[in-house]
Amino acid sequence: MKRPRLLLADEPTSQLDAESSHSIADLIREVALSGTAVLVAAHDEGLSASADRVVHMKDGRIGDGRGSSNE
């Protein structure tokens with residue numbers, strides 16, 4: 001696929017060294033800037049730095065990352 005509408009990434013930087021993690025994060029940013037919607041599930045908080053929206057899950061409950069009551 002040359003121009004997917006959606007990229008799903010599950011833990012794309014897990015088990016990678018810091019340099020490789022930064023490279024993957026840069027690639028994900030490039031894809032997002034090209035117009036592809038990107039959904040990343042990760043424990044790596046560094047990936048959220050450039051996200052348009054961050055959603056946290058704790059104890060099976062989803063919060064919006066903005067101090068909602070269910071976070």
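Tutor: Let's begin with pLDDT, which is the predictor's confidence in each residue, from 0 to 100. This is a predicted model, in which local features need pLDDT of at least 70, side-chain atom pairs count only at pLDDT 80 or more, and totals for chains, interfaces and linings use all residues. Residues are numbered from 1 along each chain as its sequence is written, and side-chain values use heavy atoms, with hydrogens and water left out.

Student: Where is confidence lowest, and where is it highest?

Tutor: The lowest mean, 86, belongs to strand β4 (residues 61-63), while β1 has the highest, at 96. Over the protein the average pLDDT is 86, and 87% of the residues score at least 70.

Student: How many helices and strands does the protein have?

Tutor: Helices (H or I, at least four residues) and strands (E, at least two) are DSSP runs, numbered from the N terminus. Here there are one helix and four strands, in the order β-α-β-β-β from the N terminus on.

Student: Is threonine 13 buried or exposed?

Tutor: Buried means under 20% relative accessible area, exposed over 50%, and partly exposed in between (1.4 Å probe, protein chains only). Threonine 13 is buried because its relative accessible area is 6%. You will find threonine 13 in the loop between β1 (6-10) and α1 (18-33). Buried residues make up 11% of the 71 residues in the protein.

Student: Which residues does threonine 13 touch?

Tutor: A contact means heavy atoms within 4.5 Å. Not counting residues up to four places away in sequence, threonine 13 touches Ser21, Ile24, Asp44 and Leu47.

Student: And what joins the side chains of threonine 13 and aspartate 44?

Tutor: A polar contact of 3.0 Å. The term stands for a pair of N or O atoms within 3.5 Å; within protein, one must be able to donate a hydrogen and the other to accept it, and residues adjacent in sequence count only if both atoms are side-chain atoms.

Student: Let's finish with leucine 39. Is leucine 39 buried or exposed?

Tutor: Leucine 39 is exposed, because its relative accessible area is 53%. Look for leucine 39 in strand β2 (residues 37-41).
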